[in-house]
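Me: I'd like to go through this structure with you. Can we start with the sheet and then move to packing?

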Amino acid sequence: MNPETVETKPPPRLGPSGAVSGVERPRGRFRALTVRNLDGFGRYGIGDDDLFTMRVISSVLPFRTNRYVAEHLIDWDRIPEDPIYQLVFPQRDMLAEGDFRRIADLMVRDAPKEEVDRAAAEIRGGLNPHPAGQRELNIPSGDGTVFEGLQHKYRETVLFFPSKGQTCHAYCTFCFRWAQFVGDSELKISSKDAAHLYSYLAAHPEVSDLLVTGGDPMIMKTRVIERYLRPILDDPALGHVRNIRFGTKALGFWPHRFIHDNDADDLLRFLEEIVRSGRHVAIMAHFNHWQELRTNVVREAIRRIRDTGAVIRSQAPLLDHINNDPDVWARMWRTQVGLGIIPYYMFVERDTGAKRYFEVPLARGWEVFRQAVRQVSGLGRTVRGPSMSATPGKVEVLGVREVAGERVFVLRFLQGRDPEWVDQPFFAKYDPKATWLNQLEPAFGENSFFFERDDGGSPR
């Protein structure tokens with residue numbers, strides 16, 4: 001088969017409903033499956049011990065899936081190795097041994113829920129719930145209050161976390177925003193007051209891009225999405241906002257959102273209206289594995305979105321147990337290009353939650369990226385990575401080289417808190433075990449990286 005050909009054959013044996021035939025309607029409206037539904041998954045061959053493990057893990061880290069994922073994406077003959085199973089179902093090693101035993105012992109002795117919740121909250125506090133200073137990125141208003149749910153880390157782009165979009169159709173087990181979903185208001189980033197968004201944007205004409213994120217904004221009804229965004233279309237003072245982005249996993253976890261949901265057509269009409277206003281609409285789609293692209297439903301959803309004039313860009317982190325394989329990435333990127341999706345980012349898994357289970361050393365990440373990208377044509381080489389969304393900015397690993405007798409990582413900023421840092425290469429000592437920027441040391445005897453110096457100077 002031509003390596004650039006989009007694969008269309010159906011997947012292996014799936015759940016009891018079988019593979020999608022044509023573009024079928026879902027069986028009823030969307031319904032989330034949570035820890036309360038775990039016993040029902042015994043019919044797929046999950047044993048009692050594994051179900052108990054899932055209850056333990058999901059008391060600390062959030063668990064949520066739905067029938068589409070269970071019946072059409074997971075190959076139940078391959079569990080627990082199946083990548084989508086790993087993507088949504090909690091696994092034993094996602095918690096450290098001591099933390100797991102602490103919760104398990106409480107459950108075995110049927111401890112009061114309040115005691116389990118208290119222990120779980122203490123464990124969460126040690127899992128770095130807001131990596132890269134995310135919580136601190138909420139914007140001071142100048143009068144002593146804070147614009148909750150807004151982040152302005154990079155000059156041209158503001159992130160907006162609408163309060164109605166603070167959940168997803170299913171949860172990824174690696175999610176770096178897991179703290180949004182555990183019911184702790186102290187950990188959430190969200191905004192109930194869109195007026196703050198409009199006033200902030202009006203005061204910052206340098207902002208060209210608004211990224212609506214969450215959670216997943218596509219969990220919201222179209223009328224709510226429109227209520228948030230229509231003032232941006234109608235207000236001349238916000239005319240500098242030219243690009244509207246939606247960060248979403250809906251295409252992977254509930255593509256019916258764009259086809260069969262009651263307001264799916266309204267959503268597509270609104271996207272088309274934004275495009276007609278002269279703005280660029282980007283669906284920042286999260287796909288972790290090519291298995292998510294195999295159903296007829298997701299392919300029809302992709303077609304319908306593209307027909308509005310919106311562009312779909314894909315991004316995902318590199319994850320052990322799911323996609324730590326260059327052939328998986330190459331196949332996914334080829335399939336995406338064939339469907340009209342633009343490969344955008346390969347990320348490094350952030351230092352939060354179940355990172356210990358999913359993390360891949362930076363050296364391995366670069367090898368996976370290099371071996372994958374050389375398998376695709378130039379149309380797939382729009383992708384960038386592996387990239388760390390770290391505190392100072394998005395740092396890309398360009399490679400490993402011998403320079404002046406020292407083995408080093410070659411790095412650069414794709415985005416920076418200071419725009420002057422962007423696209424400036426710099427070097428770090430090679431460390432085969434390092435998995436994040438804060439584990440790297442400057443090369444060539446330097447005491448600090450250029451972006452850490454008080455003068456913010458350029459690298460020498």
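Predicted model: local features only at pLDDT ≥ 70, side-chain atom pairs only at ≥ 80, totals over all residues.

Me: How does β12 run against β13, parallel or antiparallel?
Reply: Antiparallel, with 4 bridges joining β12 (residues 384–390) to β13 (residues 393–403). The two form a hairpin with 2 residues between them. Ala390 stands opposite Gly393 in β13. Met388 stands opposite Val395 in β13.

Me: What about β11 and β12?
Reply: β11 (residues 342–348) pairs with β12 in the parallel sense, over 2 bridges. Tyr345 stands opposite Arg384 in β12.

Me: How many β12 residues are buried?
Reply: 6 of its 7, so β12 is mostly covered. Buried means under 20% relative accessible area, exposed over 50%, and partly exposed in between, with a 1.4 Å probe and protein chains only.

Me: Switching to packing. Which residues have the most contacts inside the largest nonpolar core?
Reply: Leu229 and Leu251, in a core of 109 residues. Such a core is a set of buried Ala, Val, Leu, Ile, Met, Phe, Trp, Tyr and Cys residues joined through side-chain atoms within 4.5 Å. Helix α7 (residues 222–234) gives the largest share, 6 residues.

Me: What does Leu229 touch?
Reply: Leu210, Val212, Ile244, Phe246, Phe270 and Ile274, not counting residues up to four places away in sequence. Contact means heavy atoms within 4.5 Å. A second, separate core has 22 residues, including Trp366 and Phe409.

Me: Now Thr435. Where does it lie?
Reply: In the segment after β15. Thr435 is buried, at a relative accessible area of 5%. Beyond residues up to four places away, Thr435 touches Val348, Lys355, Glu359, Val360, Pro361 and Leu362.

Me: Aromatics next. How many pairs?
Reply: A search of the whole structure finds 28. Rings of Phe, Tyr and Trp (its six-membered ring) pair if their centres lie within 6.5 Å; planes under 30 degrees apart count as stacked, over 60 as edge-to-face and the rest as tilted.

Me: Why is Phe426 with Phe451 edge-to-face?
Reply: Because their planes are at 70°, with centres 5.5 Å apart. Phe426 is in β15 and Phe451 in the segment after β15, so the pair ties together parts 25 residues apart in sequence. Phe426 is buried at 4% relative accessibility, and Phe451 is buried at 11%.

Me: Last topic, confidence. What is the mean pLDDT?
Reply: 88 for the chain, with 87% of its residues at 70 or more. pLDDT is the predictor's confidence in each residue, from 0 to 100.

Me: Where is the pLDDT below 50?
Reply: Residues 1–21 are one such stretch, with 48 contacts in the model beyond near neighbours in sequence. Residues 186–190 are also below 50, with 24 such contacts.

How values were computed. Residues numbered from 1 in each chain as written. Heavy atoms only, no water. Pairing = 2+ DSSP bridges.
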